[in-house]
Amino acid sequence: MAERVRRIAGGAEGVRPPDAEALLLLVARGDEGAFERLYDLVSGPVFGLVRRIVRDPAQSEEVTQEVLLELWRTAARFAPDRGSAMTWVLTLAHRRAVDRVRSAQAATDREDRAYRRDADRPFDEVAEQVSTRLEHEQVRRCLSSLTDLQRESVELAYYRGLTYREVAELLDTPLGTIKTRLRDGLIRLRDCLGVAR
Amino acid sequence: MTADIHALTGAYALDAIPEFERAAFERHLHECDACAQEVRELQATAARLGDAVAESPPPELKARVLARVAEVRQLPPAQHSSARAAGPGSTWALRLTGVAAAVLLVVSVSLGVLLVQDRGELSDRRQESAAVVRLLSADDVRFVSGTTTSGMNGTAVVSRSRGQVMLLTANMPPAPDGKTYQAWLMARSGKPKSVGVFAPDQAGRASIMDSMEIGDANQVGVSVEAAGGSDTPHEVVMAMQLPA
């Protein structure tokens, strides 16, 4: 299992040089040069993900800047035994992007409780864009191995920043079903991508 | 660990858990190594989805970020690295109420409630006390507790065999003027069922058990409603998954 994982993780990409962890350790010691190299390594994935969720370009830049400064600030809290540096970075980026859209949404909701039914973007349009713009063939192939409901649920939650409750309402599916589809969809992706942790 | 709360690992890894449920789930993660491991794997999986949509930021952003770095102080390493598993921003280290602490809270809050009610009918007190004892001594009694991001504590004591649940809260601020707290039981389907309105005492504590018939409920929650209560929850401030 470990062999297979290493091969897949190291082989297919090239996008992710193996030294993000090493750079983070240097950044934790205050090395600004290392931070600049880390910026070059992670700013693309961070900005791409934030932009996918937040959409507005100016706000996406703001959130990206917040995330990168947070990396600088908290680099010493990175624990390599808990997962890769890129996972750590993108987990933070996703959470900050989601925080941004949810706080904006909360303000809107107070005026319009029915916002979900008036959603400005139908979900299949979003899913379509996601599918066509994916850079990584492997991720696209694995996404396409999910059931329709698994894939739609995972994409709406991850790329649009919806809660599972919102996904359930949008797809007119019971909450428990959506919870389960998010989990078993991700587990299938994990196995397809050969993610070890 | 119950199958129901375990199913939230996927939603959690995707940040798809509403804020009011996140604290309870993170507390559960803290006690469940298997869940924490699964969350790490699923977060790594989700990160691959993020990596796949990389897009170059505008070039001028780099200079802005590098300039700001000179003004931002770095944090020292965490004291308890084992308490962090979800990446930056996680505050698990602050949430370490175990079952033992939940029991203490239950007992102390229950006693507090029983003691402050001494102006009521003696028989009422005895009935309530007996009901609490019956619930706490049930063979299948289970506790779940959590802390919301704003610091409110909630503990639910559940016995499926007795068909009862007791909700205890602590650190609850008074409801805003003209508003009240209302407790709810929620099942997988159907509308949330109101348990009643309540006001925490001066120490922010409350306990609700009267008529908390659990039925097929899998969540207990508290919302803020207009005085008098509502027939459907509006502003949910706390929600916890109940053990199966």
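Visitor: What makes up the contacts in chain A with a separation of 6 or more?
Guide: Residues 24 or more positions apart account for 65% of them. A contact here needs two C-beta atoms, placed from the backbone, within 7 Å. Please keep in mind that the model is predicted: local features need pLDDT of at least 70, side-chain atom pairs count only at pLDDT 80 or more, and totals for chains, interfaces and linings use all residues. Residues are numbered from 1 along each chain as its sequence is written, while chains are lettered from A and ligands numbered from 1 in the order in which they are written.

Visitor: Which elements does chain A have?
Guide: Chain A has 10 helices and 0 strands, where a helix is a DSSP run of H or I with at least four residues, a strand is a run of E with at least two, and both are numbered from the N terminus.

Visitor: How many residues of chain A are called buried, and by what rule?
Guide: Buried residues are 42% of the 197 in chain A. The label requires 20 or more other C-beta atoms within 10 Å of the residue's own, with 12 or fewer for exposed and partly exposed in between.

Visitor: What makes a nonpolar core, and which residues touch the most other members of the largest one?
Guide: A core is a set of buried Ala, Val, Leu, Ile, Met, Phe, Trp, Tyr and Cys residues joined through C-beta atoms within 7 Å. The largest has 107 residues, and A:Leu38, A:Val89 and A:Ala157 touch the most other members. Helix H3 (residues 32-54) of chain A gives the most to this core, with 11 residues. Leaving aside neighbours within four places in sequence, A:Val89 is in contact with A:Val42, A:Val46 and A:Leu71.

Visitor: Where does chain B touch chain A?
Guide: In total, 51 residues of chain B are in contact with 67 residues of chain A. Helices H2 (8-13), H4 (33-51) and H5 (60-69) of chain B each supply at least two residues of that side, and H4(B) gives the most, with 12 residues.

Visitor: Why are E5 and E8 of chain B at the edges of their sheet?
Guide: The open sheet runs E5-E4-E7-E8 (chain B), with antiparallel pairing. Strands pair if DSSP finds at least two bridges between them. Strand E5 (193-198) and strand E8 (235-241) of chain B each have a single partner strand, so one side of each is left without a neighbour in the sheet.

Visitor: How do you know that E4 and E7 of chain B pair?
Guide: Strand E4 (residues 179-187) and strand E7 (residues 217-226) of chain B share 9 bridges, in the antiparallel sense, and the rule asks for at least two. For instance, B:Met186 has B:Gln219 of E7(B) as its bridge partner.
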